[in-house]
Amino acid sequence: MCRGQDDGFDLFFVSSTSEVDDYPIQFTDPLPKWLRGTLIRNGLGRFEIGKRNFTHTFDGFAKLHSWKFVGNGSASFSAKFLYSDFYRDSVSRNDIAPYLLFQTVTPAFNEFQKLESLVRGIDNMNVNVYQFKNESTSEYFVFSDYWKMYEINGINLATKRSVTPPVPAPSIGTKWHPAAPPMGGGFGFLSFLSSAHPLPEYGTSNFLTFLSSISLVPGIKNRMSLIRIISGEKREAIASWEVDRVAYMHSFSATQNYAALFAMPFYVNVEKMVLTAEPFDSLDWYDNANTTIYLVHLKTGHVTKHTTENLFTMHHITSTPSKQTPLRSSSICPHLELKILRDPVRRNQFPAHALLKRFYIDLVTGNVDVTLFNASPVYPYANMLDMPAINEKYRYKDYRHIYGLVLKTNDVNLDQIALVKKDLYNSSNDKAWSEGHCYPVEAWFVPRPGGQKEDDGLLLVPVLDGIHRKSYLAIINATTMATVNTADLPFVIPYGLHGRFFADLF
Ligand SMILES: [Fe+2]
């Protein structure tokens, strides 16, 4: 029975403490034999412990979910919390332990607990999952927007260890303050803000990320660094440069030769951070300030600075060798407090739409051109996507298709959420998948082996069915955007953020 316009949406923000190992799941139709590997997704699992509650969605305790396809037509599902120090400490106290959070808890920590949380720092890695692989190692790590990570067992989702990689010394092309101590040498800098979205470095098994180092020493400037991830613990600095203020960044872009970091006018206020121990309240937004783009050459470490419009972006999508950088722009963070998302009136009132934009940086003039995409006549909301996915085989090619979520496609309520397929070449080819009262999260594109077209593959999409109050995994034909298979899950999955499909893990 439908009880409201976005019936069941609140289940995304209800704790689910159930855990399972390789629970067999039954699909409605036979699975293709070529579908082999494991989709692991990271996200939120629990919003309170004992009498204390989180107030912001981003603080939900990390919980991992996986779907394993062994290639013989069968599949299984696993769910497990990330047993971080923070989670284990909280469970043992039957209270949310004092660690640094995005926003306050209720009841609030006392002053001593706030100090404890500043000392312990961030420990809840609930955003993404990656595999770092080279000739000798294959390791799985879970991430948030921080330098620290947790290693997990990709097969059974068990938590293995926390890893805080040594911060590398500066390398080629680095503009370095002669009086500064070595970066991350401990004294004088807080080096903990990084990206939940490392990018594969073209032609290598490495990944790229950034690191923000906040100076605590008067007269010494803050620094930004572009970092090469060689393995979980081995990093090297491609370039480091001084900045007046440290901007919050969640993701960035890379081409074959460049990385582009968009420093939005959303700056860390260190004094506020120390006083309040609440990072969310310690970010200052400037309505009329421009965004600075740092373009870093991956081989030389040379950094150039460019200016573009005032924008807030969570997700860069991908870039091509021809210097293009499409990304989304919106300012959704302040609206993701749990009290808003659990309120059927308030959650339908905030502006939920992103906007797809392309930033073209002219390497000769340094100018930045911003372009929008044509609206689809059939799916006019298609350009408002977020949580983007692509065929990763096209990451550094002239890609055409983006799969992403659009909330409130009717601009009225969250009952209408679409998974759109954006055609960057021809908006009249845009497509969309949606089911009333069914709420998809981020999709992952699995290419069909031997497929010659960019969109020849399947989308794996966890969906919350608000009417039947259950979660299921949808397998969607990426060419047609039609559902081809579904499997119910044994319990509802709270909101999931990001994940990846690992073809060699099953
Ligand atoms: Fe993200």
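Reply: Let us begin with burial: a residue is called buried when its relative accessible area is under 20%. Please keep in mind that this model is predicted.

Me: Which residues of helix H1 are buried?

Reply: Helix H1 spans residues 85–93, and Phe-86, Tyr-87, Asp-89 and Ser-90 are buried in this helix. These residues lie on the same side of H1, because they cover an arc of only 165° around the axis.

Me: Why do residues three or four places apart point the same way in an α-helix?

Reply: An α-helix has 3.6 residues a turn, so residues at that spacing point the same way.

Me: Against what do the buried residues of H1 pack?

Reply: They pack against several strands, including S2 (36–46), S5 (61–70) and S6 (75–81), and against helix H2 (111–120). Just after H1, Asn-94 takes a positive phi of about 55°.

Me: Let us turn to the metal. Which residues coordinate the iron ion?

Reply: The iron ion is coordinated through the NE2 atoms of His-197, His-250, His-315 and His-498, at 2.0 to 2.2 Å. Along the sequence, the spacing of these donor residues is H-x52-H-x64-H-x182-H. His-197 is in the loop between strands S12 (189–194) and S13 (199–200), while His-250 is in the loop between strands S16 (235–243) and S17 (253–254), so this pair ties together parts that are 53 residues apart in sequence. Both His-197 and His-250 are buried.

Me: How is the geometry of such a site judged?

Reply: The angles among the donors are compared with ideal values. For four tetrahedral donors the ideal angle is 109.5 degrees. Here the angles among the four donor atoms run from 91 to 152°, and the site of the iron ion is irregular. A tetrahedral label would need all angles to lie between 85 and 135 degrees.

Me: How should I read a salt bridge?

Reply: Side chains of opposite charge can pair when their charged atoms come close. The structure holds 25 salt bridges. One of them joins Glu-151 and Arg-161, whose closest N and O atoms are 2.6 Å apart. Glu-151 lies in strand S10 (residues 149–152) and Arg-161 in strand S11 (residues 159–163), so the pair ties together parts 10 residues apart in sequence.

Me: Is Glu-151 buried or exposed?

Reply: Glu-151 counts as buried, because its relative accessibility is 5%. Arg-161 is partly exposed, with a relative accessible area of 28%. Both residues also belong to a network of salt bridges that links Glu-139, Glu-151, Lys-160, Arg-161 and Glu-233.

Me: Which residue forms a salt bridge with Asp-455?

Reply: Lys-421 does, with the closest N and O atoms 2.7 Å apart. The pair links distant parts of the chain: Lys-421 is in strand S28 (residues 418–423), and Asp-455, 34 residues apart from it, is in the loop between strands S31 (444–447) and S32 (457–465). Both Asp-455 and Lys-421 are buried.

Me: Finally, where is Glu-278 found?

Reply: Glu-278 is in the loop between helix H3 (270–276) and strand S20 (283–285). At 11% relative accessibility, Glu-278 counts as buried. Leaving aside neighbours within four places in sequence, Glu-278 is in contact with Leu-101, Phe-102, Gln-103, Thr-104 and Met-273. By contrast, its C-alpha atom is separated by 37 Å from that of His-468, which is 190 residues apart along the chain.

Technical notes
Residues numbered from 1 in each chain as written. Predicted model: local features only at pLDDT ≥ 70, side-chain atom pairs only at ≥ 80, totals over all residues. Heavy atoms only, no water. Donors = N, O, S within 2.8 Å, 3.2 Å for Na, K, Ca; no water. Tetrahedral: all angles 85-135°; square planar, octahedral: opposite > 155°, others 65-115°. Helix = DSSP H or I, 4+ residues; strand = E, 2+ residues; numbered from the N terminus. Buried < 20%, exposed > 50% of the residue type's maximum accessible area, 1.4 Å probe, protein only. Arc of directions from axis to C-beta. Contact = heavy atoms within 4.5 Å. Salt bridge = Lys/Arg side-chain N within 4 Å of Asp/Glu carboxyl O.
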